[in-house]
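Hello,

Here is the structure I promised to pass on.

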Amino acid sequence: MFEHVDAYAGDPIFSLVEQFMKDPREDKVNLTIGFYFDEDGKVPNFSSVDKAKVWAADNPPASPVYLPMDGLPDYRVAVKSLAFGDALPLVDSRLASTQSLGGSGALKVGADLLKRYFPDSELWVSDPTWENHHSIFKGAGVKVNTYRYYNPQTKMLDFSGMLEDLNQLPEKAIVLLHPCCHNPTGIDLTNEQWQQVVDVVKQRNLLAFFDMAYQGFGFGLNEDTQAIKLMAESGQPFLLAQSFSKIFSLYSERVGALYVVCESPETAETVQGQLKFTVRTNYSTPPSFGARLVNHVLASDALTDEWKTELEAMRERMHIMRQQLVAKLGELRPDVDFSYLAAQVGMFSYTGFSPEQIKRLKDEFGVYLIASGRMCVAGLNTRNLDATAKAFAAVC
Ligand code: LMR
């Protein structure tokens, strides 16, 4: 019956994590998956979220019934303020939204909705992008294409190539954009460049789909939403996927949201119904625990302040690790220019290393990066930084 089922080649990120776990070397370094590791190499629990967990244990839901299909109502209100900030009044009346199973769940619900109502639209993602963007949209039946983004020669953004490609797209083409902390390159657009992208999206009547999984890891919670604010100001309808996996350290709880900014309140109401239907036909209703935690933190000024302080410390630590790595590499290999690594932001850096160099890093030095050359900067700490820099210097 099942003989014709193809073998799964494995996910490029999760498979590598499995390999890393099996590696017996004690000095191995995990720079693979996007987990935030602290200085001790542990994925931390936020103290603000721990307090919310204590509250949740003491205050179970009055009745253990299903949540609404589009999630916990208070949570949906709390998280939209975070996503849109002071641009919320520009979109609030024409916003449809749903709680989602992390950022991936938001992308999947969005992809299903788009496939149903824009059956002829194809998706354009940056080259490169997070591998799962391809899989999620292909899985929803959407054809996936790429626009230019990374220039391997300069190791910088190919902005003119990007604009040129976006300028060729047909009306209602879907364009996936990373508003901050681009995964995998760590190369972001400036606000001026975002404005130009927003202008093209509006002029060509494209459908932007933002994937925001790292808000606050770039320059700050507010600063990292500039692209979204500019799109909101343009009046153009768009979609936004929001994830709390990294920024609340709530990975397994699967907490996120999907927003569809429509052209009018009437349209938003109709789209809201279709979001519910899409959720119902995927997994029926979302789980409540993670959403209750996030909502509890955001509903309390004191806990929100505590969470923001914790988030800032993470951003700062990743920034320092990145700077120190570049400084160490400068000492070890003054003949090689690594300044591009310092210019990148967020959780990831694109090293520009070839698959052969990545293999050598793993086999000879126990330093694990994704085959594309992506490094998770949060995996660096003061104990493994020198060894990582030496390994990098050796394979250059
Ligand atoms: C990553 O890019 O490493 C993270 O987003 C984790 C994942 O699901 O791939």
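**What I found**

UniProt, in an unreviewed entry, places the feature "domain: Aminotransferase class I/classII large" at residues 27–391; its positions are given in the numbering used here, feature names are shortened, and annotations may be inferred rather than shown by experiment. This is a predicted model, in which local features need pLDDT of at least 70 and side-chain atom pairs count only at pLDDT 80 or more, while totals for chains, interfaces and linings use all residues. Residues are numbered from 1 along each chain as its sequence is written.

Over residues 27–391, the chain is 46% helix and 14% strand, with the end C-alpha atoms 12 Å apart. Helices (H or I, at least four residues) and strands (E, at least two) are DSSP runs, numbered from the N terminus.

Seven strands form an open sheet with mixed pairing, in the order 2-10-9-8-7-3-4; two strands pair if DSSP finds at least two bridges between them. Strand 2 (95–100) and strand 4 (144–148) are the edge strands, each pairing on one side only. Within the sheet, strand 3 (residues 123–127) and strand 7 (residues 174–177) pair in the parallel sense over two bridges, and W124 stands opposite V175 in strand 7.

Finally, the ligand. Around the ligand are I13, I33, G34, W130, N132 and N183, counted as near if the C-beta atom, placed from the backbone, lies within 6 Å.

Best wishes
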